[in-house]
Amino acid sequence: MMGSENQGFEEAHIDASREEMESLVLDDPSNNSNGTKSFSHHRSAMSSLADSHHLLSRPMVAAPADSDPLLAPPSFRDFRNPNVAADNSSYIEPPSYADVIFSPFDENAVHEIDGVDSPGRSSDSSVSLSRSPSSSSDYIKITVSNPQKEQETSNSLVPGSNTYITYLITTRTNITGFNGSEFSVRRRFKDVVTLSDRLAESYRGFFIPPRPDKNLVESQVMQKQEFVEQRRVALEKYLRRLATHPVIRKSDELKVFLQVQGKLPLPTSTDVASRMLDGAVKLPKQLFGESVVVAPEEVVQPAKGGRDLLRLFKELRQSVTNDWVGSKPPVAEEDKEFLEKKGRMHDLEQQLSNASQQAESLVKAQQDMGETMGELGLTFIKLTKFENEEAIFNSQRVRAADMKNVATAAVKASRFYRELNAHTVKHLDTLHEYLGLMLSVHGAFSDRSSALLTVQTLISELSSLHSRAEKLEAASSKIFGGDKSRIRKIEELKETIRVTEDAKHVAIREYERIKENNRTELERLDRERHADFLNMLKGFVLNQAGYAEKIANVWAKVAEETSAYAREST
Amino acid sequence: MITAQRSSSGSSHSPRSPSSQPYLSISVTDPVKLGNGVQAYISYRVITKTNFPEYQGPEKIVIRRYSDFVWLRDRLFEKYKGVFIPPLPEKSAVEKFRFSAEFIELRRQALDVFVNRIALHHELQQSEDLRTFLQADEETMERLRSQETGIFKKKPADLMQIFKEVQTKVSDVVLGKEKPVEESNPEYEKLKNYIFELENHLSEAQKHAYRLVKRHRELGQSLSDFGKAVKLLGACEGDALGKAFSDLGAKAETLSVRLQKEAHQLLMNFEEPLKDYVRAVQSIKQATIAERANAFRHQCELAETIKLKEINLDKLMLTRSDKVGEAELEYRELKLESEEATRRFENIVRLMNEEMVRFQDQKTLDMGIAFHEFAKGQARLANNIADAWRSLLPKLEACSS
């Protein structure tokens, strides 16, 4: 019914789209300037064009499994081997926008395909955001696969309960900072947490992609295939995002994570936590006598994560002072531009959240439409069969034929809706992606405010140190010949002041550094968001138009076939 | 407005000159809500145009309500056994829906189709009850309506009871459960099975058609919400991108309206005809088939009774009883009754066969029209959607360059 006539078209369609993609790849070298397409273009040029026909499989893969025999979607297999045409392909002669449906934006999806050893389901969808690496020929391609259960080697309290999952992390790159062009390591989720924490420390002020959630679930769930698969996908997304960040992709932490075999040689967060405990041990000494110096090198980290509890308390006090006293703190956030941008980010986040929700509803509605249309088609097919089998009168056969036309069209239209929807999901995913990115923005802004707080605290401290020194000097000067103990104290104070001054300078430098990072990142975010959103809109619109046209053609045919009735009805 | 099932109402009866071609063309229009509160109801204007000599004049306008149509259907059902009386739309919907514009329009359309089908049926159009319905003044109509205690006039609870009885009777009879009387006609068996299965298939189709209407509405709604959200997002972005978002949002809202419109069309021109088809098949199943079974059983019972009477008569004649005369009289009367019953049954059989042919033809036509409208509507909708989205492309292209 539907299959036979379309075999040829399906192959032609694949070829057409492949050609289309080729021409797109070749035509746009000039886009390097705004960097939107360069990265992905090159990737698609690099990866074999045989992959391109996978593009067609993407939508099918995303379609829900059909129980009805006639709607068995062409499987992955069918598309990899274009010579095996699917039974029930639905492609009609490609109307004008059919080719354009596979727009430049969708090329980004090509580089998803290599992660093929993972069961490719729709959750695989794209991190197809534009990134602008410095040179168009740089690439890092990371794949997460092959989850395996492993045993905890160290002695545990409960024997046999400490199994965990490791993942194979494969990297392909041509960037020179790495040792080689292809390598793999095995990592567990804890390692990823470590990586993420270390990056957060080293790259304050940057929009660092947020890592996947920890998911505190019981060990039984941990082992379940679905959970493991979800996590695998999430890890892959995360690492790929890191790899597309222009600064972080060059970080030592990432390099180490991706390359060093065996145990991950980064300090774990538990080490940091135990440092906190050391800090608690130090606290009494600090309170009751020994100098309360903040070492300059420590101020480059926020008080919160560190070992210095006293510093933590001081900064806390300072922030309360800032809030309550209402007087302008010594160094205030004066950058009006920044405050404005911050406000904009907040608005943007709200609207993104809203749009993201509505996008989900839209996708659901489109899916339902496709489903119901398909069910309607099936019902008419059954009716057709029934009338034909039971036909006594010719009018029944005529009716059966009419129904068949409608049924065929409905089933085709249903398939188009589902394909359209798979594309829509990918495009509108951009909204979800940027919503997720807002977390990074929050992180970067809070780096800034905590750095500022450190500066403010040090300045307050300095001022109180100075006033103590003054008082001592005043008191000491009243005693003729000097007050030995007081003089000693003044000397000590002066020393403290000196060190604190150094710390203040370091803290200010750090603060300025973070401010600069914020600024460049905001610029980058605006630029990339602009491009990605534009692509999203274009892709969305193209798809909608293209598939609507296909659907229109399907129904126009039926209208034509039933046009005799139109004349009769007037 | 498209009335999908008008089929060729009036088309072959256009009044070129008054007496050239006989025509009877009716329209049910102008629904108006009358009365208050619980007793509120809808009245319709029924306009008849005809050159049939039995009618009072070329045009007549009367006011009728739903129960008047029910009266007509019941009368026809009584008088024309074997004929497939056209189905009526359902009695009452969910309370709050009863006066919605959509429901009223659907009902009006269905009533119009109902009465025109009667007018086009070569036997039913001769009916005196039809004439009464189309011409009598409102008081007369009301009087007649309240007298009628037809099967369909009962209260819902009674109706359910009777329905169940009829159903069991029908299924018993049709499935041959009631042992003694059953037509052993293989062709008829086939027909009955066909009707039963057809109802199932059609109900399913109608159900999906209704869902499809809902899906259109839902898609429209979500496009509207999406459009609004996108516009707000555009306001955040500002400059060319913001404008692009804003345009897209506006387009989405436009398409939302378009989808709602199409949902309505789909309801009126596709789902309703399917529903009508289901009703018709149900009517054949519950009424006509049941009638035939009754008639057959009656005929059989009479035949049985006559046999007994014959035996009795012979006995009486042999014994030269003085009851012979009486018995002979009875016998003759019974004989007449039996012949009448047989005639009635055979008439039903004949009619059913004729009706079946006509029904199949009509349904092919009705469905053909419905399919055509459906396909046209979907094609038009899809084209509108394609055009709307396409119109955004130039601006989007301009943005990125």
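Predicted model: local features only at pLDDT ≥ 70, side-chain atom pairs only at ≥ 80, totals over all residues.

Q: New topic. How many helices and strands does chain B have?
A: Chain B has nine helices and three strands. Along the sequence, the pattern is β-β-β-α-α-α-α-α-α-α-α-α.

Q: What order do the strands take in the sheet?
A: The order is E1-E2-E3 in chain B, in an open sheet with antiparallel pairing. Strands E1 (24–34) and E3 (59–65) of chain B stand at the edges with a single partner strand each, so one side of each has no neighbour in the sheet. On average, neighbouring strands are turned by 20 degrees against each other, direction ignored.

Q: How many bridges join E1(B) to E2 of chain B?
A: Nine bridges join E1(B) to E2, residues 41–50 of chain B. One of the pairs is B:Thr29 with its bridge partner B:Arg45 in E2(B).

Q: Which strands does helix H1 of chain B touch?
A: Helix H1 (residues 66–79) of chain B packs on the sheet and touches E1, E2 and E3 of chain B. Its direction makes about 105 degrees with that of E3(B).

Q: What about helix H3 of chain B?
A: Helix H3 (residues 128–135) of chain B also packs on the sheet, touching E1, E2 and E3. The direction of H3 makes about 90 degrees with that of E3(B).

Technical notes: Residues numbered from 1 in each chain as written. Chains lettered and ligands numbered in written order. Heavy atoms only, no water. Pairing = 2+ DSSP bridges. Helix = DSSP H or I, 4+ residues; strand = E, 2+ residues; numbered from the N terminus. Axes fitted to C-alpha atoms, helices over the stretch in contact; angles between N-to-C directions. Contact = heavy atoms within 4.5 Å.
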